[in-house]
Amino acid sequence: MEIVELALRRFGSPVFVRKEIVHNSFVVNRLREAGAIFIDDLHGLPPRCVVVFSAHGVTPAVYQQAEQLGLHVIDATCPLVSKVHSEARRYAAQGYHIVLVGKAGHEEVVGTLGQVPGKITLIENLEQASREQLPSGKKIMVLTQTTLSVDDAEEIIEALRRRFGEVSQPPANDICYATQNRQNAVKQMCAAGIDLLLVVGSPNSSNAARLAEVARVRGVDARLINCDADLCAEWLERVSIIGVTGGASTPEDVVQSVINRLLTAGGESVDVCDTATENVVFQLPPELR
């Protein structure tokens, strides 16, 4: 988000952004109001215009297309996604067949699959893990989409181990620390006895959807809402403790607006669930530092 804001300041409007910079409608609308133009593909853009690639990453073919069109690319791919791309290329070069655990069609997954075409298999769920055929005689390296449920990913990887024996993983977990932290917080809130979980995030946010799933698996009703206007009075009937969390890209003021709405609807107090301190900082692209 900061990359798009700084690009607008430095280069002026328009700055084109391929796909949504993050999957949150409030972020996208605020950047659009500031002068960003969101596009689905690069065709028809004027030469030398500024194009930002979204946090979800792109395939090598998209980089090549941008170069052929003479576009000024600013890469806002999340470094944690770039790590998965690098792992796919490195382990494929070492003779591994790559298994990617993720959701078909998600922009991050599309970008990762494009790193090593023909050397990577997508597994979406346990059922697919139990039947998908992998190349015989090949070492297997399992990578994951960064915004998955930690528990779901572990179940799928364990199913692959039962079928194929030795299955390798990178030394460091692929699932985003912000995603893990929020899932851990939801688990803690569920253990504390919440009656309802409200996840503030856009419907197309993978990590926000996973937060709702984490609660439902534990028997807690969970609702994914975009903002306080989506609150339904019926949800609040017969509940005494409500958990509130936000997707990794949900602006804090949007989360706070939900909390304030609950307080005006009769909420008595707010307890903060502190499970982790986030102090990770990534470097900006060189042209924006």
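Two strands count as paired if DSSP finds at least two bridges between them. In this predicted model, strand S8 (residues 196-200) meets that condition with S10, since the two are joined in the parallel sense over five bridges. Strands of a sheet pair through backbone hydrogen bonds, either parallel or antiparallel.

S8 and S10 belong to an open sheet of three strands, ordered S9-S8-S10, in which the pairing is parallel. Strand S9 (221-225) and strand S10 (242-246) are at the edges with a single partner strand each, so one side of each has no neighbour in the sheet. From one strand to the next, the twist averages 20°. Helix H10 (residues 252-264) packs on this sheet and touches S8, S9 and S10; its direction makes about 165° with that of S10.

Another open sheet of three strands has the order S6-S5-S7, with parallel pairing. Its edge strands are strand S6 (120-123) and strand S7 (139-144), each of which pairs on one side only. Neighbouring strands here are turned by 25° against each other on average, direction ignored. Strand S5 (residues 96-101) pairs with S6 in the parallel sense over four bridges, and Val101 has Ile123 in S6 as its bridge partner. Helix H7 (residues 150-164) lies across S5, S6 and S7 and runs at about 170° to S7.

The loop between S5 and helix H5 (107-113) contains His106. With a relative accessibility of 12%, His106 counts as buried, because the cut-off for buried is under 20%. Apart from neighbours within four places in sequence, His106 is in contact with His23, His56, Gln145, Thr147 and Ser206.

The nonpolar interior comes next. In soluble globular proteins, nonpolar side chains tend to be buried together. The largest nonpolar core has 20 residues, and Val4, Ile21 and Val52 have the most contacts inside it. Two or more residues each come from helix H1 (2-11), strand S1 (15-18), helix H2 (25-34), strand S2 (36-39) and strand S3 (50-53). H1 gives the most, with five residues. The contacts of Val52, leaving aside neighbours within four places in sequence, include Ile3, Val4, Val15, Phe16, Ile21 and Ala76. A second, separate core has 16 residues, among them Val142, Val150, Ala153 and Ile156.

Aromatic rings form two pairs. In one of them, the ring centres of Phe53 and Tyr63 are 5.3 Å apart and the planes stand at 75°, so the pair is edge-to-face. Phe53 lies in strand S3 and Tyr63 in helix H3 (residues 60-68), so the pair ties together parts that are 10 residues apart in sequence. Phe53 is buried at 0% relative accessibility, whereas Tyr63 is partly exposed, with a relative accessible area of 32%.

Tyr91 and Tyr96 also form an edge-to-face pair, with 5.6 Å from centre to centre and 85° between the planes. Both Tyr91 and Tyr96 are buried. Each of these rings also has a charged residue over it: Arg90 lies over the face of Tyr91 at 4.8 Å from the ring centre, and the charged end of Lys139 sits over the ring of Tyr96, 4.2 Å from its centre.

Conventions
Residues numbered from 1 in each chain as written. Predicted model: local features only at pLDDT ≥ 70, side-chain atom pairs only at ≥ 80, totals over all residues. Heavy atoms only, no water. Axes fitted to C-alpha atoms, helices over the stretch in contact; angles between N-to-C directions. Contact = heavy atoms within 4.5 Å. Core = buried A, V, L, I, M, F, W, Y, C linked by side-chain atoms within 4.5 Å. Buried < 20%, exposed > 50% of the residue type's maximum accessible area, 1.4 Å probe, protein only. Phe/Tyr/Trp six-rings, centres within 6.5 Å; stacked < 30°, edge-to-face > 60°. Lys NZ or Arg CZ within 6 Å of the ring centre and 35° of its normal.
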